[in-house]
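User: I'd like to learn how to read a structure like this one. Could you take me through it step by step?

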2 protein chains.
Amino acid sequence: MSTTVIDQIHRHASVRDYTDAPISRETVESIISAGQRAATSSNMQAFAVIAVIDPETKSAVAHLCGDQRHIVAAPVFLAWCADLSKLDRAGELRGLPRHHEYVENFLVAAVDAVLAAQNATLAAESLGLGTCYIGGIRNDPLGIVDLLHLPKLMFPITGMTLGWPRKPGTRRPRLPIEGVLHWDHYEAARVDTALLKYDQEMAATGIYNHRQVPAPGRSGQMEEYSWLEHSARRIAQPARAGLREALHEQGFMLE
Amino acid sequence: MSTTVIDQIHRHASVRDYTDAPISRETVESIISAGQRAATSSNMQAFAVIAVIDPETKSAVAHLCGDQRHIVAAPVFLAWCADLSKLDRAGELRGLPRHHEYVENFLVAAVDAVLAAQNATLAAESLGLGTCYIGGIRNDPLGIVDLLHLPKLMFPITGMTLGWPRKPGTRRPRLPIEGVLHWDHYEAARVDTALLKYDQEMAATGIYNHRQVPAPGRSGQMEEYSWLEHSARRIAQPARAGLREALHEQGFMLE
């Protein structure tokens, strides 16, 4: 019995400020190898990762992800991809029909990619490295496909920067456990209490204070701005409306 | 610098055989709390988990997941769900419009759920518990929705059994790292070599030997059966074709 792993998990905070120190290929391989040990649906291992270390390619990635400076600063960028292409190849080699057109096919591959990514994150953090997930990899997924030469049936799910921390990240409080955990059945009242309590707690941290601007379409008055408002604004906007078309283009039909 | 976390990660094997010993609520909470520390897109924490401990409910879950006996045997079943319902509530409380109709909305929530699930897995394993991911939770997702009272905008992504191992799981070799890791650009040739090498390696383990039966539509002869054939057969069948409709029913339109 060991609590070391749990301690490591609780220390997590995303790191966006890195030193210039490089990361050896062996270290990256050891991190990806840890990623591979995660569970994978029917051992299909339906994911792949592109480790971008070439500065020019990495700058292009940063641009496609919304010009995030920490992607340029980090010595390594990992593009975690759903990958049905190798299963398609297996089907081709064995002469069997191949299905990839269902939502389930995409979901299995996306889940495999994320399971591996989170194992890799903890492995990296345990070595003293800092990481930051980059959802911006889905801003222009076909741009990423072109840049990294991804074949059909491969799709970027999440990016990740990897580097030696210059400054530790801000560790944010999470929702009270009642906000995410239910016993036997979902209970809405439990969640409402948790959301309101958390909103107060986050207001006290000041983490969201720099964004005290009126929401689009609201009157100009300043208003209370904490987690509820932050999250409400995130879903008030259409989210990456081109994603479905890009998935189709890569062969994920989501039927 | 610690290698304890990486060692723990490398010991992973899914466990399907459990003792009768219970797991305290405090232990489950500590595992879910570790799950909460995983990264989450814009701190939205768009996941929830239902811990099923009531034997009758758990039996019903096991039936919906394809009558898997280890779900009945495990003292706890965790249903990891994508959850946009609490963000929808945030939008309602703050009086802003709410979007959930895009693939991106679903993907963000599914990714959050899986990141948390994998942290929880490692936390559980570090306490000596065994886990097994249950993709079968997507066999009849609306059955799960009814049983666990999941509201609209919540959807089961993966299940997980949790219990004290009676027998350790089988630790399966993974693809050579060349099968999943590329530098700067994807290289198809690298993958082909890895697949063939791995197929031989897995043949030697005998893990797939018990399934030496002819594939549907093939002649009756026995044939070499290893990872390639195993994986090819998995994608030779339509995969959970009702999933899209179930997602629509729950409010995930995947536009």
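User: Let's start with B:H185. Where is the place of B:H185 in chain B?

Analyst: B:H185 sits in the loop between strand 5 (181–183) and helix 8 (188–205) of chain B. Helices (H or I, at least four residues) and strands (E, at least two) are DSSP runs, numbered from the N terminus. Before we go on: this is a predicted model, where local features need pLDDT of at least 70, side-chain atom pairs count only at pLDDT 80 or more, and totals for chains, interfaces and linings use all residues. Residues are numbered from 1 along each chain as its sequence is written, chains are lettered from A and ligands numbered from 1 in the order in which they are written, and side-chain values use heavy atoms, with hydrogens and water left out.

User: Which residues does B:H185 touch?

Analyst: Contact means heavy atoms within 4.5 Å. Not counting residues up to four places away in sequence, B:H185 touches A:I50, A:T57, A:L147, A:L148 and A:H149. With 27% relative accessibility, B:H185 counts as partly exposed; buried means under 20% relative accessible area, exposed over 50%, and partly exposed in between (1.4 Å probe, protein chains only).

User: What rotation superposes chain B on chain A?

Analyst: Here's the general idea: two copies of a chain are related by a rotation about an axis and a shift along it. In this model, a rotation of 180° with 0.0 Å of shift along its axis puts chain B on chain A, with an RMSD of 0.0 Å. That's the relation of a two-fold axis. In chain B, B:V5 has the C-alpha nearest the axis, 2.8 Å from it.

User: Is B:R138 buried or exposed?

Analyst: B:R138 is buried, with a relative accessible area of 5%. Look for B:R138 in the loop between strand 3 (130–134) and helix 7 (141–147) of chain B. Leaving aside neighbours within four places in sequence, its contacts include A:E104, A:L107, B:P156 and B:R240.

User: How many residues of helix 9 of chain B are buried?

Analyst: Nine of the ten residues of helix 9 (residues 227–236) are buried, so this helix is largely enclosed by the rest of the structure. Among the buried ones are B:W227, B:H230 and B:R233. Their cover includes helix 5 (85–94) of chain A together with helix 8 of chain B.

How values were computed:
Least-squares fit on C-alpha atoms with pLDDT ≥ 70 in both.
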